[in-house]
Amino acid sequence: MSTVSRVFNSPAEDVWKVIANGWLYSGWVVGASRIRAVDAHWPEAGSRLHHSVGAWPLVIDDSSRVTAVEPGRSLELVARGWPLGEAKVLITLEDMGTQCRVTIAEDAIRGPGKLVPKAVRDPLIDVRNKETLKRLELMAAGGAGS
């Protein structure tokens, strides 16, 4: 799995508020262009986030499903973006008082994306998720989700 980490100058609680608000997902996840609906019990296991991927007019409607959650500490998703495929994404928060370390581990699990060799796939995912972490940090620092 591609894995990237970043230490945020925000407490884990503030970061979790952004993650737990499904309507904010397109603000920090690179590639997500809009949120169409969020299940009422998001981010509980089994809940879905209905999003669009891409830039207009080439927009794909799909969804991501929570496969495991430990509130305030981790969220595991199967993110879909067909016809590109599906990815397993694990976001973890390590509480460090006024700071926290956020890690995203991701890899393709189904579809054409899985056919891309890992030596090519991982660096591309790394670049995307480094920017995703920057966006998440800014949103947490700005009080999004409160």
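**View 1. Helices α1 and α3 are roughly perpendicular to each other, because their angle falls in the range from 65 to 115 degrees.** In this predicted model, the two helices pack at an angle of about 110 degrees, with their axes 9 Å apart. Axes here are lines fitted to C-alpha atoms, for helices over the stretch in contact, and angles run from 0 to 180 degrees between N-to-C directions. On the α1 side, the contact (heavy atoms within 4.5 Å) is made by Asp 14, Val 15, Val 18 and Ile 19, and α3 brings Leu 136, Met 139 and Ala 140. By class, 6 of these residues are nonpolar, none is polar and 1 is charged. Nonpolar covers Ala, Val, Leu, Ile, Met, Phe, Trp, Tyr, Cys and Pro; charged covers Asp, Glu, Lys and Arg; the others, Gly among them, are polar. Helices (H or I, at least four residues) and strands (E, at least two) are DSSP runs, numbered from the N terminus.

**View 2. Seen here is an open sheet of 7 strands with antiparallel pairing.** Follow the order β1-β7-β6-β5-β4-β3-β2 across it. At the edges you will find β1 (2–8) and β2 (32–38), each pairing on one side only. Pairing requires at least two bridges found by DSSP between two strands. On average, neighbouring strands are turned by 25 degrees against each other, direction ignored.

**View 3. Here β5 and β6 run antiparallel, joined by 7 bridges.** For one example, look for Val 78, whose bridge partner in β6 is Lys 88. Helix α1 (residues 12–20) lies across β1, β4, β5, β6 and β7, and runs at about 155 degrees to β6. Helix α3 also packs on the sheet, where it touches β1 and β7, and its direction makes about 20 degrees with that of β1.

**View 4. The largest pocket has a volume of about 700 Å³.** Of its 34 lining residues, Ala 79, Leu 84, Ala 87, Glu 106 and Arg 128 are the closest to the centre. A pocket is an open set of points on a 1 Å grid over the protein atoms alone, where a 1.4 Å probe fits, with protein on both sides within 12 Å along at least five of seven lines; lining residues have an atom within 4 Å of a point. Grid points are joined across faces, edges and corners, and the volume is the space filled by probe spheres set on the points. The largest share of the lining, 6 residues, comes from α3. The lining divides into 18 nonpolar, 9 polar and 7 charged residues.

**Notes for all views.** Residues are numbered from 1 along each chain as its sequence is written, and side-chain values use heavy atoms, leaving out hydrogens and water. Because the model is predicted, local features need pLDDT of at least 70 and side-chain atom pairs count only at pLDDT 80 or more, while totals for chains, interfaces and linings use all residues.

Definitions and conventions: Parallel < 35°, antiparallel > 145°, perpendicular 65-115°, else oblique.
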